[in-house]
Amino acid sequence: MATKNRTEVTEFVLLGLSSRPEMQPVIFGVVLVMYLMAVMGNTLLVLVACSDPKLQTPMYFLLSQLSLIDISLATITVPQMLVHTLSVDRSISYNCCMVQLFFFMAVGSMEGHLLAAMAYDRYVAICDPLRYSAIVNHNLCLRITLTSWVVVSLNSLLYSVLVTRLTFCGNKVTHFFCDITPLLKLSCTRPVVNEMLIFTEGVAVVVSPFFFILGSYVCIGVAIVHMHSTAALSKALSTCGSHILVVLLLYSSVIRMYLKPSSSYDLDQDRQIAIFYTVVTPMLNPLIYSLRNQEVIGALQRLFRKIYIPGSFQPGSWANKECQHTS
């Protein structure tokens, strides 16, 4: 439906990942498997972080929040894409599209803020370990999380409102969900205000956590260089490795997709990056944080014993060991 009046656009048509009919079952099967793995892996990580007394620390609180973000990010986009993949009707109402845009941008931005908070946690743990318990606690993590939600929600609301003010000259979205980039491409005129917002306020909200993470790791790197204990050096590197990998996975996609003028958008390439960002990364994150983390592996083993071996779960013994460990 071509139009010169925004008010005439009552729905959008999401073209999906591919227009080739023979590819739809393959796309459906692969994406469904990755989505289920992402949801189950992150849900398991949340359960372990919340139920195991040994993981009741600020770092694992932030990790559980990151897992919830990954579940939300995938669920906002993937189920609808799976339905459209096997459906002739790929339309989405105008209002639903704007709602999806708001939640996707808010949740996506929140992931960067959580990774910045986790970088600060690692910075204090390595650079000022004696004061770690006094500086980083659950109240601080809760305040950071709530403040970040307010910031990203206002940022997302601003973007969504500006998109609703655009005049669209078409309703076919070259994407599998309502993202800001393909919607800007449908604008009848160049969305100068939106582009300026992306490169100013967008950089402040979305990219500033990345620079904060870089600064934290510069300080951590300096501290590691001055470490004389091999054991301390090995522990510092192991605790930071997983986080660094997740940061690289996130920001390599975000910067390529959003921090460029609309004239240089390649929507076909952006769809491939988006599927990596919305499905592959949420699937990989719980694996990255658990495979080399002995604390998480031990907690998973205790959780499975609790479920499958009656009477093996003894909370008192965990609490006693934790008290002995902290003392």
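**Close-up views of the predicted chain**

**View 1. Glutamate 22 pairs with arginine 20 in a salt bridge.** Glutamate 22 is partly exposed, with a relative accessible area of 49%. Partly exposed covers the range between buried (under 20% relative accessible area) and exposed (over 50%), with a 1.4 Å probe and protein chains only. The model is predicted: local features need pLDDT of at least 70, side-chain atom pairs count only at pLDDT 80 or more, and totals for chains, interfaces and linings use all residues. Residues are numbered from 1 along each chain as its sequence is written, and side-chain values use heavy atoms, leaving out hydrogens and water. The N to O distance is 2.9 Å. A salt bridge here is a side-chain nitrogen of Lys or Arg within 4 Å of a carboxyl oxygen of Asp or Glu. Side chains of opposite charge can pair when their charged atoms come close. By this rule there are 4 salt bridges.

**View 2. Two further salt bridges involve aspartate 121 with arginine 122, and aspartate 128 with arginine 131.** Aspartate 121 and arginine 122 meet through their side chains at 2.6 Å, N to O. Both of these residues are buried. For arginine 131 and aspartate 128, the closest N and O atoms are 3.1 Å apart. Aspartate 128 is partly exposed, with a relative accessible area of 24%.

**View 3. A disulfide joins cysteine 97 to cysteine 178.** The S to S distance is 2.0 Å. A disulfide is counted when two cysteine sulfur atoms lie within 2.5 Å. The torsion about the S-S bond is about -120 degrees, so this disulfide is left-handed. Cysteine 97 lies in helix α3 (residues 94-127), and cysteine 178 lies in the loop between β3 (172-173) and α6 (180-185), so the pair ties together parts that are 81 residues apart in sequence. Helices (H or I, at least four residues) and strands (E, at least two) are DSSP runs, numbered from the N terminus. Cysteine 97 and cysteine 178 are both buried.

**View 4. A disulfide joins cysteine 169 to cysteine 188.** The sulfurs are 1.6 Å apart. With 120 degrees about the S-S bond, this link is right-handed. Cysteine 169 sits in the loop between α5 and β3, and cysteine 188 in the loop between α6 and α7 (192-199), so the pair ties together parts that are 19 residues apart in sequence. Cysteine 169 is partly exposed at 38% relative accessible area. Cysteine 188 is partly exposed at 32%. A search of the whole structure finds 2 disulfides. Counting bonded cysteines along the chain, the pattern is 1-3, 2-4.

**View 5. Cysteine 219 and cysteine 127 are too far apart for a bond.** The sulfur of cysteine 219 has its closest cysteine sulfur, in cysteine 127, at 6.1 Å. Cysteine 219 is partly exposed, with a relative accessible area of 36%. Cysteine 141 is buried, at 3% relative accessibility.

**View 6. Asparagine 42 is buried in helix α1.** This helix spans residues 24-51. Asparagine 42 has a relative accessible area of 1%. Leaving aside residues up to four places away in sequence, asparagine 42 touches Ser67, Asp70, Ile71, Pro282 and Pro286. A contact means heavy atoms within 4.5 Å.

**View 7. Val150, Leu154, Leu157 and Val161 form a nonpolar surface patch.** Together they have about 360 Å² of accessible area, from the Shrake-Rupley method with a 1.4 Å probe; for residues, only the protein chains shown count as cover. Patch residues have over 30% relative accessible area and no salt bridge; like charges are joined within 9 Å, nonpolar side chains (Val, Leu, Ile, Met, Phe, Trp, Tyr) within 5 Å. Leucine 157 is placed in helix α5 (residues 138-164). Leucine 157 is partly exposed, at 44% relative accessible area.
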